[in-house]
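Hi everyone, thanks for coming. Let's take a few minutes to look at one structure together.

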Amino acid sequence: MLEIKELITKVNEKSILNGVNLNIKAGEVHAIMGPNGSGKSTLANVLSGKNGYQISGSIKFNGEDLTEVSIEERAQKGIFLAFQYPLEIPGVNTNNFLKTSLNTVRKARGEKELDTLTFLKLVKEKSSELGIDEKFLSRQLNVGFSGGEKKKNEILQMKLLEPKLSVLDETDSGLDIDALRIVADGVNSSKTKNNAFLIITHYQRLLDYIKPDFVHVLSKGRIVKTGNSELGEELEKSGYANLQ
Amino acid sequence: MKTQKDINTNQEYKYGFSTDIENIRSPRGLNEDTIKFISNIKKEPKWMLEWRLKAFNRLKVLKEPNWQKPKYPKINYQDLYYYSAPKSASEKPKSLDDVDPKLIETYKKLGIPLTEQKRLTGVAVDAVFDSVSVATTFKDELTKKGIIFCSISEAIIEHPDLVKKYIGSVIPISDHYFATLNSAVFTDGSFVYIPPNVKCPMELSTYFRINASETGQFERTLIIADKGSYVSYLEGCTAPMRDENQLHAANVELIALDDAEIKYSTVQNWYPGDKNGVGGIYNFVTKRGACRGKNSKISWTQVETGSAITWKYPSCILQGDNSVGEFYSIAITNNHQKADTGTKMIHLGKNTKSKIISKGISAGSADNTYRGLVDINEKAKNSRNYTQCDSLLMGNKCGAHTVPYIKNKNSSSTIEHEATTTKINEEQLFYCNQRGLNQEEAVSLIVNGFCKEVLQQLPMEFAVEAQKLVAISLEGSVG
């Protein structure tokens, strides 16, 4: 599904990623771990098409080269990024935002747009699955949400949009144990043989709930080690220092 | 009729067509004969003509104000036409059937429910085409409640006592250059009278359209809400695209007596000029409301998206004790548009309250100024004002300015002023893009969110239109 080859990324001539290679197949869950400044969030941003990076190497999504594909087209093709710091947009109703987003993506997939009633039914269903209080759906988007609520809102959007590839950028940071479980349940219940997940995290903690098929260690802009879920546990004990 | 040269460089302005219709025009230029021509063609009584001439005499000694931020080339007032009307309307239409079908067609294109078949929309419309009022819908239904809703020309003839009593009572004929000019040459506009204790059952609406070229539009609106009454009034405006600048200098006077409430909403979408700043309307308007009675309330809501230059301060004179004035404004300027707009809240009575919410949005090379006055008189004990001015900037070439004047002669009053200036946030745009929205959809969403407090003041059906207009006005401004 996703093929990254020799990805080099610079910001203002400063190298951040120094030749990343990564293959993700449908049905797989990959975790990327690594210390601060290793380039984890940059990788997530580059995958989503964010501007401001000089890029070489190639990123292919379902065989298509993404180099010239805009952020929204990537989103419409099924790449979803759960933000580390979800943005507040004052004055915009959360439900309204979710509906606009869902219908844009549905339209791009050649599906019928949902009317308000059908949408509300769907969002109610999905939010109750995640144990999300419906009340926050009528509030302004992420405005005054707690850290946990913002992250839960990201997972709700992921469930609504049904992306092919979900990239979770440190979704676990700052979450209490209950919120962490909600996020993990959200991922586990969305897993099918047709989609894939790339989970970016500092800690093993989230991986206690979401069992990854592969764990990669990113250090100084390179994947320095790849293993199975046991690698995460090992890192938790010994830290990153030994790997550099 | 002169052939019009329309410019088509601005594809976004969908109201830019002109209607080829035969016109009757006053002689060119500003002089007594022109004023007499207007008064005569409207069959006005003598007092009205005298009133106009008094204003004209006053005008001779007045100078155009020059303190505003957007400057403009000198207007040659002798080069303008002051009256232009479709020929077919010079004989007053008795019913909609008598109205020129081309006019009806024009209004259809503009989406105005001129025919009563569309009564379900619940909006009574008075439509002003260049200088004359074309038709007023729902007249019968309103008449039953004693509500008068007609063109000002008709009111001058049919309801002279009311007009005489109130016209110029809020905006005196000597007020300032453009207001005085309007008093001398105003051509048409709307008149509303709501009798005591009547709640007007529908939104009243006027639609203004400038069609003819080289013509100024000087409309005059007068709304009186008698004791305990309520009315909500909406005006909309469009004009064809032309490469000349056209002057629109309207006067609007509102009077609210004891316990009465007037809600006045404007969606202004005059032609803004093309991308290079050629053409567009000079929208120099004087709007003022008097809360004359105790517990009265006047609320202005404006969505200003059009015009080359918008220069207006819808104001409230809070005379009655416990009266309330509100001003909600969205001013959007794109390309080379300029706006200098805001309000004046004059607190005279005790316990008077005012609230100002202003949202200014600048994009392209545009310049947007909020200018407002809160003036609390010594007798206005325990009065309060709350002002919030937010500016949103898009790009690096535009400007936003906030100029609040506060005069307070009273120690028991409370005045609050909050102001913010923000640039549209790249991260917010990225977030929306990542959820599948393209740049324009994302901008529209964020800007509509920014304007929400004002948009929700508009009557439902217009709020939807205004939201779309906000999006269209900013097309191509990011990315």
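**The core, a helix pair and an interface**

Let's begin inside: of the 180 residues in the largest nonpolar core, B:Val192 and B:Leu254 touch the most other members. A nonpolar core here is a set of buried Ala, Val, Leu, Ile, Met, Phe, Trp, Tyr and Cys residues joined through C-beta atoms within 7 Å; buried means that 20 or more other C-beta atoms lie within 10 Å of a residue's own, with C-beta atoms placed from the backbone.

A word on the source: this is a predicted model, where local features need pLDDT of at least 70 and side-chain atom pairs count only at pLDDT 80 or more, while totals for chains, interfaces and linings use all residues. Residues are numbered from 1 along each chain as its sequence is written, and chains are lettered from A and ligands numbered from 1 in the order in which they are written.

So what does B:Leu254 touch, not counting residues up to four places away in sequence? The list is B:Val170, B:Ile223, B:Ile262, B:Tyr264, B:Gly289, B:Ala290 and B:Ile298.

Next, the interface. In chain B, 15 residues are in contact (C-beta atoms within 7 Å) with 19 residues of chain A. On the chain B side, helix H9 (426–434) and helix H10 (439–450) are the elements giving two or more residues; helices are DSSP runs of H or I, at least four residues, numbered from the N terminus. H9(B) gives the most, with 6 residues.

Definitions and conventions: Two residues are in contact if their C-beta atoms, placed from the backbone, lie within 7 Å. A residue is buried if 20 or more other C-beta atoms lie within 10 Å of its own, exposed if 12 or fewer, and partly exposed in between; C-beta atoms are placed from the backbone.
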